[in-house]
Amino acid sequence: MTNAYRRGSKGPEVKKIQARLAELGLYSGDCDGIFGGGTESSVKMFQKQNGLGVDGVVGEGTWKKLFGGGKLQKPEICKQKLEYRCLALTGTIETSRPVPDCFAMASGDFDGQGLSFGALQWNLGQGSLQPLFREMAQKHPSLLEDICHDYFPELKAIFTSDKDDQLAWVRSAQDQRRFSLFEPWKGLLTALGRTEEFQAIQVNAAGKLFKDAKALCAEYGLWSERGVALMFDIKVQNGSISPLVKSQIMADFARLGSGLGTDEAEEARLVIVANRRAEASNPRWIEDVRKRKVAIANGEGMVHGNYLHLEDQFGIRLRPF
């Protein structure tokens with residue numbers, strides 16, 4: 001795995017870097033776990049002050065100097081199972097939030113669904129969010145009560161009411177112009193989404209999509225983690241691959257020939273799948289879908305103005321799943 005944190009990196013390790021730079025008086029921005037231009041500038045100042053190569057990248061040498069020794073810390077997400085990492089990747093794209101906040105994103109009634117929440121924006125209107133809360137209440141009632149405190153009875157009443165009452169309640173608890181939840185509900189849901197227990201429930205809820213993604217990999221002869229990530233994202237954003245598009249993909253595969261190495265052939269196939277599925281999308285969204293899918297196929301790229309690097313940020317590599 002690439003041993004470095006750079007512009008585009010996200011997660012708790014970046015937050016740790018930001019906090020240390022802030023302690024040293026070199027960083028005054030939010031410790032949000034997003035390695036942007038401000039963090040990069042602060043890293044460069046630190047490197048310059050300490051006689052290091054000034055490149056704005058926190059590699060082994062900069063990490064040791066920054067934290068007084070120790071090996072470069074690998075992203076915690078690398079310890080997670082592939083289904084968690086795929087959900088985190090697609091959730092990060094869907095919500096434009098890094099881990100763990102992609103699991104804690106709450107949106108109001110901008111789309112008529114009342115409340116959308118979590119990495120895949122499960123919602124009240126379609127009835128996809130209620131099962132997640134019921135599972136949380138059944139498996140971890142004391143944790144849910146500890147998070148909500150005095151508001152626990154109200155939350156319990158909300159999720160045992162009928163859908164019309166649920167929608168009416170959530171619409172009364174948000175800014176009707178910006179569709180953002182009022183406090184304390186916004187903060188309570190954020191706290192809930194950041195717990196390992198509720199993240200595990202989200203991974204479980206996305207289980208069929210992950211299983212289908214692996215089945216698509218088998219169908220198309222793909223063998224890598226990156227292949228599963230691409231097919232999972234297709235299942236989430238696009239639903240499926242039509243027989244016509246499949247025939248086009250297979251014809252493109254056949255034209256690749258046999259001169260490519262194993263990894264080269266896999267990546268070439270992923271790019272073909274990405275482009276063909278994008279071209280079958282609504283014409284209005286083709287280029288948006290293409291950028292997203294090709295970034296996953298290539299292992300890196302810009303999506304919605306954010307830089308993604310699958311290996312650095314999610315531990316998703318071109319290796320067998």
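## Exercises on contacts in a predicted model

A search of the whole structure finds 22 salt bridges, a salt bridge being a side-chain nitrogen of Lys or Arg within 4 Å of a carboxyl oxygen of Asp or Glu. This is a predicted model, in which local features need pLDDT of at least 70 and side-chain atom pairs count only at pLDDT 80 or more, while totals for chains, interfaces and linings use all residues. Residues are numbered from 1 along each chain as its sequence is written, and side-chain values use heavy atoms, with hydrogens and water left out.

**Exercise 1.** Work out which parts of the chain the salt bridge between Glu94 and Arg292 ties together.

*Solution.* 
- Step one: the closest N and O atoms of Glu94 and Arg292 are 2.7 Å apart.
- Step two: Glu94 belongs to helix α4 (residues 82–95) and Arg292 to helix α15 (residues 286–298), so the pair ties together parts 198 residues apart in sequence.
- Step three: Glu94 is partly exposed, at 35%, while Arg292 is buried, at 3%.

**Exercise 2.** Describe the salt bridge between Lys139 and Glu135.

*Solution.* 
- Step one: their closest N and O atoms are 2.7 Å apart.
- Step two: both lie in helix α5 (residues 130–139), 4 residues apart, which is about one helical turn.
- Step three: Lys139 is exposed at 53%, but Glu135 is buried at 16%.

**Exercise 3.** Classify the ring pair Trp63 and Phe67.

*Solution.* 
- Step one: rings of Phe, Tyr and Trp (its six-membered ring) pair if their centres lie within 6.5 Å; planes under 30 degrees apart count as stacked, over 60 as edge-to-face and the rest as tilted. The count by this rule is 9 aromatic pairs.
- Step two: the centres of Trp63 and Phe67 are 4.5 Å apart and the planes stand at 45°, so this pair is tilted.
- Step three: both residues lie in helix α3 (residues 60–67).

Key
Helix = DSSP H or I, 4+ residues; strand = E, 2+ residues; numbered from the N terminus. Buried < 20%, exposed > 50% of the residue type's maximum accessible area, 1.4 Å probe, protein only.
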